[in-house]
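User: Here is a model I would like to go through. Please set each label against its definition.

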Amino acid sequence: IVKRCCQLKAQIVCEDETESTGRRALLNYGHTFGHAIENAFEYGTWLHGHAVAIGMQCAARLALDLKLVDREFVRRQTALLAALNLPLAIPLGKEVELIAAMHHDKKVAGGKLKLVLPTRMGHVELVDSPGDEALQNAFQSEN
């Protein structure tokens, strides 16, 4: 699995070395939320891959709230991440720090936070943030 993932990542980077076509956004799915988790919980608390897995869950919940995906998408992703023994949620209580960290992410352009959100399995779009309340809700696990 790791070898195949590395091959796919290399292929995408070669196709879009300067991040000009948007295809490379696939590689950033979960990262804006994940980087905020790493930052708010102090680096080292969460492994990068674990923070990104939780970030994928947050992005999927936000996409569901924005009606970009359906519940089946979220259920399927949750089942896959759980089958891989990846964490699905973080403890509550750091929402202010999480949102502040997101506003300092490299995906902020012109003062606007951009998010990589799924639209269907294997496809994402770069979307303007719907606001801090929606971001905070995305960190809230349904479990």
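User: What is the handedness of the crossing where α3 passes α6?

Analyst: α3 passes α6 in a right-handed crossing. Right-handed means that the near helix is turned clockwise from the far one by less than a right angle, left-handed anticlockwise. The model is predicted: local features need pLDDT of at least 70, side-chain atom pairs pLDDT 80 or more, while totals for chains, interfaces and linings use all residues. Residues are numbered from 1 along each chain, and side-chain values use heavy atoms, without hydrogens and water.

User: Why are α3 and α6 called oblique to each other?

Analyst: The axes of α3 (residues 48-65) and α6 (residues 132-139) come within 8 Å and cross at roughly 125°. Under 35 degrees counts as roughly parallel, over 145 as roughly antiparallel, 65 to 115 as roughly perpendicular, and the rest as oblique. The pair is therefore oblique.

User: Which residues make the contact?

Analyst: C58, R61 and L62 of α3 meet A134, L135, A138 and F139 of α6; contact means heavy atoms within 4.5 Å.

User: Why do β1 and β3 stand at the edges of the sheet?

Analyst: Three strands form an open antiparallel sheet, ordered β1-β2-β3. β1 (108-109) and β3 (123-128) each have a single partner strand, so one side of each lacks a neighbour in the sheet. Pairing takes at least two DSSP bridges; two join β1 to β2 (residues 112-120).

How values were computed:
Axes fitted to C-alpha atoms, helices over the stretch in contact; angles between N-to-C directions. Helix = DSSP H or I, 4+ residues; strand = E, 2+ residues; numbered from the N terminus.
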